[in-house]
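Dear colleague,

Please find the structure below for your own work. My notes on what was found in it follow.

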Amino acid sequence: MLETPNISDAEWQVMKICWLKSACTANEIVKDLEQTTDWKPNTVKTLIGRLVKKGALGYKEEGRLYTYYPLVAEEECIRAESKSFLTRVFGGALKPMLVTFLQEEKLSPDDIEELKQLLEARKD
């Protein structure tokens with residue numbers, strides 16, 4: 001299995017659009033990002049190029065039109081980023097991370113119940 005590419009924060013924004021649409025042109029990505037960023041089209045195209053080079057995006061060429069599509073699943077990237085974060089910030093120790101989040105975040109009764117069910121399921 002290929003290693004999950006390391007994706008920067010800016011590249012994540014491009015990938016989110018590609019995961020949502022499953023296939024899109026550079027102009028569609030530019031248009032979507034205009035709503036949330038002040039990036040120039042060339043900046044977005046540079047990010048797309050980096051993602052292609054990293055193996056996160058593939059493309060299909062139809063004449064002068066390039067359609068980009070994800071080569072890695074969003075869940076796979078989230079898992080890799082979570083492991084990287086856990087290693088960088090907490091030395092790979094899960095318990096201190098969970099304790100920190102539980103102490104800092106406000107949880108609804110539904111959130112607490114869902115966490116209890118996840119922990120119970122892990123016992124087995």
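Helices (H or I, at least four residues) and strands (E, at least two) are DSSP runs, numbered from the N terminus. Axes are lines fitted to C-alpha atoms, for helices over the stretch in contact, and angles run from 0 to 180 degrees between N-to-C directions. This is a predicted model, in which local features need pLDDT of at least 70, side-chain atom pairs count only at pLDDT 80 or more, and totals for chains, interfaces and linings use all residues. Residues are numbered from 1 along each chain as its sequence is written, and side-chain values use heavy atoms, without hydrogens and water.

Helix α1 (residues 9-21) packs against helix α3 (residues 41-54) at about 85 degrees, the axes being 10 Å apart. The two are therefore roughly perpendicular (65 to 115 degrees). In this contact (heavy atoms within 4.5 Å), α1 contributes Ala10, Glu11, Val14 and Met15, while α3 contributes Leu47, Ile48, Arg50, Leu51 and Lys54.

The model also has an open sheet of 3 strands in the order β1-β3-β2, with antiparallel pairing (strands pair if DSSP finds at least two bridges between them). Because β1 (24-25) and β2 (57-62) stand at the edges with a single partner strand each, one side of each has no neighbour in the sheet. Between β2 and the antiparallel strand β3 (residues 65-70) there are 6 bridges; Glu61 has Tyr66 of β3 as its bridge partner.

Yours sincerely

Note on methods. Parallel < 35°, antiparallel > 145°, perpendicular 65-115°, else oblique.
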